[in-house]
Amino acid sequence: MSDQVYVGNAGVDAAGDRGWLLGHFKPPGDPRHSEDVEIKWGVHPAGDERAEWVRGEARTALLVLISGRFRVELPGRSVLLSEPGDYVVWGKGVDHSWRAEAASTVLTVRWPSVPGYRVG
């Protein structure tokens, strides 16, 4: 049973895999391996941004602000997350980009976890 439990720290573990804590890219047999969902702990300095938009997104995503000020750009809409707990959800096919307006920590959940689709 103990091989089905993993205890860690998001800040420490995220540093080892570009922020990703859970998803198809974790080794099979690791409790963090999932083909259903991906979870990322993103720590972004002020000014950090995804300059190139993600296009043709194949997953649904939820992004929750833990701390800071974080802006998500969506087609025809700009969403500012400024209070801890603010969040935005976008569906399959919705292009997006983002910018950390202040040093920010965000939790991103994407589903499903799509093998071969590894955009940071």
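Q: Hi! What joins the side chains of Glu57 and Arg59?
A: A polar contact of 2.7 Å links those two side chains. Keep in mind that this is a predicted model.

Q: Thanks! And where is Glu57 found?
A: Glu57 sits in the loop between strand 3 (49-54) and strand 4 (60-67).

Q: Is Glu57 buried or exposed there?
A: Buried. Its relative accessible area is 4%, and the cut-off for buried is under 20%, so Glu57 falls in that class.

Q: How far is Glu57 from Gly91, in sequence and in space?
A: Glu57 and Gly91 are 34 residues apart in sequence, with 8.2 Å between their C-alpha atoms.

Q: Zooming out, what secondary structure does the chain have?
A: There is 1 helix and there are 9 strands. Reading from the N terminus, the order is α-β-β-β-β-β-β-β-β-β.

Q: What share of contacts joins residues at least 24 apart?
A: Counting contacts between residues at least 6 apart in sequence, 66% are of that kind.

Q: On to the overall form: what radius of gyration does the chain have?
A: The chain has 14 Å, which agrees with the value near 14 Å for a compact globule with 120 residues. Along the principal axes, the C-alpha atoms fill a box of roughly 45 × 30 × 20 Å.

Technical notes:
Residues are numbered from 1 along each chain as its sequence is written. This is a predicted model: local features need pLDDT of at least 70, side-chain atom pairs count only at pLDDT 80 or more; totals for chains, interfaces and linings use all residues. Side-chain values use heavy atoms; hydrogens and water are left out. Helices (H or I, at least four residues) and strands (E, at least two) are DSSP runs, numbered from the N terminus. The radius of gyration is taken over C-alpha atoms; the globule rule is 2.2 Å times the number of residues to the power 0.38. Contact means heavy atoms within 4.5 Å. Buried means under 20% relative accessible area, exposed over 50%, partly exposed in between (1.4 Å probe, protein chains only). A polar contact is a pair of N or O atoms within 3.5 Å; within protein, one must be able to donate a hydrogen and the other to accept it, and residues adjacent in sequence count only if both atoms are side-chain atoms.
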